Amino acid sequence: MSSFWRHLDKLESYICQLLLAAFVCLLFVQIVARSVFGNSITWIEELSVFMFVWFAYFGASYAARMYAHNRVSFHLSRLPRRIARWIEAAGDLVWVGFNLIFIRYAVEYLSLMKPFVKAQTLGWPMKWVMLVLPVAFALMTLRILQVNYLKLVLGQDPRDPDEVDIAALAATAKPEVA
């Protein structure tokens, strides 16, 4: 794997970690301010929502790279792995098509957004807040293509990191002594 992809992996991971930690800390401060001091900090809620949305979209892109998206695949386990890869690739091709359409309309939406449309409490132009849509979907599309290149061209088989291999677990399990 080239250094570009390694750096992109780390960058996505760090962005997700930073956004998650920051919005959780901000929400904690908001809860303490409300509960202990009886006063709310209005901009924290809005900033936390924006950070959560950005976290979700960047996390979706990172999940695409890790091959960890939810997908219906129980029917593929009965097929030879080579055929299953091509069926998964066909599904991913539809996904890429959807993403490209989404990116087109997101860019159009941003271009039509008036400069006076601003975030309620922060006063930021919403164009900058909504920029996550084309950026994250473009990144997600790149990641889907990357995973399919790894699978179909290089022959690597990325698996869902949460997938449990029952056979491997059974093989390593020690029998109980009575």
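Is cysteine 16 buried or exposed, and what is its relative accessibility? In this predicted model, cysteine 16 has a relative accessibility of 9% and counts as buried, because buried means under 20% relative accessible area. Cysteine 25, by contrast, is partly exposed, with a relative accessible area of 48%. The structure holds 0 disulfides.

| Residue | Relative accessibility | Class |
|---|---|---|
| Cysteine 16 | 9% | buried |
| Cysteine 25 | 48% | partly exposed |
| Arginine 104 | 48% | partly exposed |

Arginine 104 lies in helix α3, which covers residues 81-112. Although arginine 104 and proline 134 stand 30 residues apart in sequence, their C-alpha atoms are 7.8 Å apart in space.

Helix α2 can be described from its span, its buried residues and its end. The helix runs over residues 42-66, has 25 residues, and reaches 36 Å from its first C-alpha to its last, which is close to the 36 Å expected at 1.5 Å a residue. Among the residues of α2 that are buried are Ile44, Leu47, Phe50, Met51 and Phe58, and the list also includes Glu46, Ser48 and Arg65. An α-helix has 3.6 residues a turn, so residues three or four places apart point the same way.

Which helices do the buried residues of α2 pack against? They pack against α1 (3-35), α3, α4 (126-129) and α5 (132-152). After α2 comes tyrosine 67, whose phi is positive, near 60°.

Technical notes: Residues numbered from 1 in each chain as written. Predicted model: local features only at pLDDT ≥ 70, side-chain atom pairs only at ≥ 80, totals over all residues. Heavy atoms only, no water. Disulfide = S-S within 2.5 Å. Buried < 20%, exposed > 50% of the residue type's maximum accessible area, 1.4 Å probe, protein only. Helix = DSSP H or I, 4+ residues; strand = E, 2+ residues; numbered from the N terminus. Expected span 1.5 Å × (residues − 1). Contact = heavy atoms within 4.5 Å.
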